[in-house]
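Hi,

Here's the structure I promised to pass along.

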Amino acid sequence: MSIETKKAFTLLELLISIAILSIISVIIATIVIRSGFFFEKQTGLAEVGLSNRFVLDEIATQVRAARQVEENFTGNGQNFTTGLSTLILKLPSIDASGSTISGAFDRAVFYLDGAKIFKKVYPDAASTRPKTSQILTAATKTVSFSYNNASLASASAVTVSLTTEKKSATGTQENTDKIEAVLRNY
């Protein structure tokens, strides 16, 4: 009679295999977790960068269309004064065909309230420009408007410096940008 031997794993071989698989699993999990943190950080940086570009482009577009920087304006009972965190622009009113209306002006106001930058447009009664109130960003750390002339009515350019931030589990991502725009009448 012959004794048949069956091939099988020994307990020691199974323990070694499990240990190797555990080490490989820990390495893969570490790589995946670090990749997730890196992805979240890069996504946050991209978001604050895009937020800055959007806000600065919107302000620059309105500055280029403006006739003048105004010192004070009251719209719907809210008083605004141009300064470091507020910008009031006097824009030519437009008719239904997009042509300017002589002697009529709309106002665009950009201002910081907490971490939000607001844009409010107050059209003249004759204008077809829509009245708007929108939040351009809610992630502002700092905004600063500066003018190339101490007399705001004579200012020909506006410089805007903006820092936005995003807080996440990986920390705080910040982006600072600056833009200068020249008014239409210069």
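Below is what turned up, starting with a sheet and moving on to the rings. Keep in mind that this is a predicted model.

The sheet first: three strands make an open, antiparallel arrangement in the order E8-E9-E10. E8 (140–147) and E10 (171–182) are the edge strands with a single partner each, so one side of each has no neighbour in the sheet. From one strand to the next, the twist averages 10°. Seven bridges join E8 to E9 (residues 157–168), and valine 143 has leucine 162 in E9 as its bridge partner. Helix H1 (residues 11–65) lies across E8, E9 and E10, at about 20° to E10.

Glutamine 62 belongs to that helix, H1. Its relative accessibility is 12%, under the 20% cut-off, so glutamine 62 counts as buried. Leaving out residues up to four places away in sequence, glutamine 62 touches Leu89, Leu91, Ala108, Phe110 and Lys119.

Now the rings. The whole structure has four aromatic pairs. In one of them, phenylalanine 73 and tyrosine 122 have ring centres 5.3 Å apart and planes at 55°, so this pair is tilted. It bridges 49 residues of chain, from strand E2 (residues 72–75) to strand E6 (residues 116–122), and both residues are buried. Tyrosine 111 and phenylalanine 118 are stacked, because their planes are at 15°, with centres 5.2 Å apart; these two are buried as well. Ring pairs join Phe73, Phe80, Tyr111, Phe118 and Tyr122 into a cluster.

One last item: lysine 90 has its charged end over the ring of phenylalanine 105, 4.4 Å from the ring centre.

Cheers

Methods: Residues are numbered from 1 along each chain as its sequence is written. This is a predicted model: local features need pLDDT of at least 70, side-chain atom pairs count only at pLDDT 80 or more; totals for chains, interfaces and linings use all residues. Side-chain values use heavy atoms; hydrogens and water are left out. Two strands pair if DSSP finds at least two bridges between them. Helices (H or I, at least four residues) and strands (E, at least two) are DSSP runs, numbered from the N terminus. Axes are lines fitted to C-alpha atoms, for helices over the stretch in contact, and angles run from 0 to 180 degrees between N-to-C directions. Contact means heavy atoms within 4.5 Å. Buried means under 20% relative accessible area, exposed over 50%, partly exposed in between (1.4 Å probe, protein chains only). Rings of Phe, Tyr and Trp (its six-membered ring) pair if their centres lie within 6.5 Å; planes under 30 degrees apart count as stacked, over 60 as edge-to-face and the rest as tilted. A charge sits over a ring if NZ of Lys or CZ of Arg is within 6 Å of the ring centre and within 35 degrees of the ring normal.
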